[in-house]
Amino acid sequence: MMKTKTKKIFLACLLGGLTAIFLLHQGLALFNKPPRSQSLGNRETKVTVNAQSGDRCPQNMTWIESGTFQMGSEKHYREEGSVAKVKVTGFCIDRYEITNTQFARFVEETGYTTIAERPLSAKDFPNLSEEQRSPGSLVFIAPKGKHPVRELSWWHWMPGADWQHPTGPDSNIEGKEDYPVVQIAYEDALAYAKWAGKSLPTEAQWEFAARGGLEGKDFTWGDTYSAKKANTWQGLFPYQNTEEDGYLSTAPIGSFAPNGYGLYDMAGNVWEWTQDWYRAGHEGKARQVNPIVSNPEDSFDPREPGAAKHVIKGGSYLCAQNYCSRYRPSAREAQAPDTGTSHIGFRLVIIPANS
Ligand SMILES: [Ca+2]
Ligand SMILES: [Ca+2]
């Protein structure tokens with residue numbers, strides 16, 4: 001269940017940040033209820049051992065050997081510093097972002113309903129109409145023309161947007177079996193992880209794995225940006241996307257070369273949830289083993305004090321050189337746990353019993 005406090009944060013985001021949300025909401029009074037289930041096959045996700053990982057990891061996971069690394073960066077956004085030398089003990093991590101096929105299997109087996117598919121309760125939001133409480137999520141819509149637009153005004157509340165309808169009720173995931181699942185709130189990712197018998201990565205695990213064995217490099221592949229190395233945005237965000245990398249939106253998992261540890265899409269495609277609560281910086285992490293910010297009361301985003309948020313990593317297809325540019329291992333962003341969007345997904349980790 002979504003807690004009242006976090007629901008209010010969610011609503012404040014909708015009401016405070018994006019006036020257009022409810023205008024749009026009001027304008028979409030009638031829309032066809034999307035079908036609730038959609039078969040996407042029955043691909044195996046969590047069994048057998050992986051010979052390439054020394055029989056330690058489940059299928060499609062890679063063993064990351066214990067090690068120390070320089071977490072963060074002092075060359076980019078302030079929240080990425082200070083650099084902290086930390087140790088991470090060994091773990092297995094998914095080679096790919098979780099796909100629509102995998103999430104569909106979870107839903108088929110459990111009947112799980114994501115946050116985006118649930119209406120807000122009349123008890124918690126008595127002043128909203130039933131229509132305003134109807135299920136939906138946030139969708140990126142590029143502004144028309146090239147006139148200046150307000151920061152984040154490209155995010156729109158879209159009734160009927162959910163993981164099976166990533167950009168609204170008229171969209172679907174047919175033919176996107178191997179695309180990363182999106183419109184997943186933190187609670188949804190946790191539910192999937194519990195079902196799979198795995199965990200969301202900590203920020204330290206995620207960043208250590210993303211670096212792929214490179215020390216202190218800007219990108220998962222080195223120090224020079226390339227449109228050919230990850231699914232990002234080329235052109236002037238949010239107006240023009242030249243699609244130099246071949247993808248306007250999400251790409252099938254594994255469409256770009258893996259990093260040094262054989263992990264795909266650790267840069268771009270979709271942002272990925274981590275366990276850590278967000279603070280702007282890495283204060284107190286130096287010399288720790290498996291550091292984690294595990295207490296929501298320690299979360300602090302100076303842009304929105306009082307709202308506890310999780311760290312998301314890796315950037316997305318919406319990160320461009322002129323905006324965001326967070327398709328880097330040290331980059332991080334804060335995300336309200338109740339809010340899935342059309343550019344956030346996840347992958348999982350597990351520490352095998354024999355490690
Ligand atoms: Ca792209
Ligand atoms: Ca990613």
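Let's start with the core. The largest nonpolar core has 72 residues, and Ile-93, Phe-103, Ile-184, Ala-189 and Ala-209 touch the most other members. By nonpolar core I mean buried Ala, Val, Leu, Ile, Met, Phe, Trp, Tyr and Cys residues joined through C-beta atoms within 7 Å. Helix H5, residues 203–211, gives the most to this core, with five residues.

A word on the source. This is a predicted model: local features need pLDDT of at least 70, side-chain atom pairs count only at pLDDT 80 or more, and totals for chains, interfaces and linings use all residues. Residues are numbered from 1 along each chain as its sequence is written, while chains are lettered from A and ligands numbered from 1 in the order in which they are written.

Back to H5. Nine of its nine residues are buried. Buried means 20 or more other C-beta atoms within 10 Å of the residue's own, with C-beta atoms placed from the backbone. The buried set includes Glu-203, Glu-207 and Arg-211.

Now Ala-209. Which residues does Ala-209 contact, leaving aside neighbours within four places in sequence? Ile-64, Ile-93, Tyr-261, Leu-263 and Met-266. Contact means C-beta atoms, placed from the backbone, within 7 Å. Just after H5, Gly-212 takes a positive phi of about 60°.

Next, the sheet. Four strands form an open sheet, order S9-S8-S7-S10, mixed pairing. S9 (332–335) and S10 (344–345) are the edges, each pairing on one side only. Helices (H or I, at least four residues) and strands (E, at least two) are DSSP runs, numbered from the N terminus. Pairing takes at least two DSSP bridges between two strands. S7 (271–277) and S8 (310–313) pair antiparallel over three bridges. Trp-277 stands opposite His-310 in S8.

Terms used: A residue is buried if 20 or more other C-beta atoms lie within 10 Å of its own, exposed if 12 or fewer, and partly exposed in between; C-beta atoms are placed from the backbone. Two residues are in contact if their C-beta atoms, placed from the backbone, lie within 7 Å.
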